[in-house]
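Biologist: I have a model open and want to learn how to read it. Where do we begin?

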Amino acid sequence: MPFSTLGLSDPLLRAIADAGYTTPSPIQLQAIPAVLNGHDLLAAAQTGTGKTAGFALPILHRISQKSYGNNRPVRVLILTPTRELAAQVGESVGKYGAHLHPRLKTEVVFGGVKINPQMMRLRGGVDVLVATPGRLLDLISQNAVKLDKVETLVLDEADRMLDMGFIRDIRKIIALLPKKRQNLLFSATFSEDIRKLTTGLLVNPVKIEVAPRNTAAELVEQIAYLVNKTNKAELLCHLIKENNWQQILVFTTTKHGANRLTERLNKVNIKAAAIHGNKSQGARTSALAGFKAGEIRVLVATDVAARGIDIALLPHVVNFELPRAPEDYVHRIGRTGRAGEEGQAISLVSHDEYPFLRLIEKLIGKNISREQIAGFEASEIAPPEPPKPARSPRPGRPSNHSRPTSSNQPKSRPRTNAGA
Ligand code: AMP
């Protein structure tokens, strides 16, 4: 079904064509008509599903039907957990609204940067405000913004906002909104806390569930290279150069590890930048922009800093270290293989990380092909220890780490099967 059948106005359809989208994603097919009809929405969807366009397009359609002239009250409030996601949502809303007349004004506000410039930007009024909860409350307390004309509230990545302790802030903000309004809630997971929040918030919501988290993982070719810890950086350089990878997102578990790896890559002329919590907002934004523009080849990130980062069609994600929480693996690799494109998720796995590899496989319900690169073979490929010692280990159990390599192995790459 093409976008033109969903009831969106021509300026929005033009923006969709500009973005190069030809068919609506599953969440867009369901969300756009529901939001256009004024329904509340409860959507189980994570980044990568096209959820931003799923809410932004119909919202823009609705608010562009009525103009407030120069007196611009905030009519759409979008709350997000992180600065990065706020910035990206703001960018998307601007992009989708580019052909609307009169033009709508969108502003993005988040903490960690000076508040004064944000206050100045809000002065002339804005139609769509994208905000992180804490900074929004600061701005409200300084009388920089009023929320009494909000028609639509969007809670994006609601589960992360709760994880990050924003529940009280969110409740305070909701209390300032008009009683009658449209509410859209997006969340990847539905904990008890989310359920509590939605009960008081949503009225007869249309419920949408798209592709459970793991399907993104199915589009992605996943390989674990078994390697000694001390050889990981060198192996990464080798893989990048040998395969001529151009845009690589690399995950490390620590900020320090991210810095060290970035230095190492730059030393061998692989242009890299790190983004993590210790970097200033300016440094993070410019690293991300440089990466998107192709000036920076490798972006090294920690999980927290990478949350919500959206780079269309990212071809390679590398786990320099496996995440300790298997859910983070799914989040990480969800950044590649988007919109039907094939992606590759490479994990560099040292002996001590085998238990984490097994936990990940359990979660995704799929075995990850274990391989080795000639010259970088792991010295220890003993059977992995289970994460929690089994009560009665069966002696003589065959090791299960030496599985045949997957068939989609590019011929040019010299790889050897683990343990073969
Ligand atoms: P989101 O889940 O909103 O973060 O979107 C994920 C990515 O998919 C973004 O890079 C969008 O630009 C892209 N996208 C959204 N809708 C479509 C579509 N209908 N066709 C192709 N790409 C899309």
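**Loops, helices and a ligand**

Modeller: Start with a loop: Asn-143 sits between helix H6 (133-141) and strand S5 (152-155). Keep in mind that this is a predicted model.

Biologist: What is the phi of Asn-143 near?

Modeller: Phi is near 60° there, a positive value in a residue other than glycine.

Biologist: Which peptide bond is cis?

Modeller: The one from His-101 to Pro-102, with omega near -5°. Pro-102 belongs to the loop between H4 and strand S3 (106-109).

Biologist: How do I read a helix pair?

Modeller: Two packed helices are described by the angle between their axes and the distance between those axes. Here, helix H3 (residues 51-63) packs against helix H4 (residues 83-96) at about 45°, and their axes are 10 Å apart. H3 is therefore oblique to H4. The crossing of H3 and H4 is right-handed.

Biologist: Now the ligand. Which residues come nearest?

Modeller: Of the 14 residues around the ligand, they are Tyr-21, Gln-28, Gly-48, Gly-50 and Thr-52. The shell divides into 4 nonpolar, 8 polar and 2 charged residues.

Biologist: Which polar side-chain atoms lie at 2.4 Å and 2.7 Å from ligand atoms?

Modeller: One of Tyr-21 is 2.4 Å from an oxygen atom of the ligand. One of Gln-28 is 2.7 Å from a ligand nitrogen atom. Lys-51 uses its backbone: an N or O atom there lies 3.3 Å from an oxygen atom of the ligand.

Biologist: How much of the ligand's accessible area does the protein cover?

Modeller: The protein covers 84% of the 490 Å² that the ligand has on its own.

Definitions and conventions:
Residues are numbered from 1 along each chain as its sequence is written. This is a predicted model: local features need pLDDT of at least 70, side-chain atom pairs count only at pLDDT 80 or more; totals for chains, interfaces and linings use all residues. Side-chain values use heavy atoms; hydrogens and water are left out. A residue is near a molecule or strand if one of its heavy atoms lies within 4 Å of it. A polar contact is a pair of N or O atoms within 3.5 Å; within protein, one must be able to donate a hydrogen and the other to accept it, and residues adjacent in sequence count only if both atoms are side-chain atoms. Accessible areas come from the Shrake-Rupley method with a 1.4 Å probe; for residues, only the protein chains shown count as cover. Ala, Val, Leu, Ile, Met, Phe, Trp, Tyr, Cys and Pro count as nonpolar, Asp, Glu, Lys and Arg as charged, and the others, Gly among them, as polar. Axes are lines fitted to C-alpha atoms, for helices over the stretch in contact, and angles run from 0 to 180 degrees between N-to-C directions. Helices (H or I, at least four residues) and strands (E, at least two) are DSSP runs, numbered from the N terminus. Angles under 35 degrees count as roughly parallel, over 145 as roughly antiparallel, 65 to 115 as roughly perpendicular and the rest as oblique. A crossing is left-handed if the near helix is turned anticlockwise from the far one by less than a right angle, and right-handed if clockwise.
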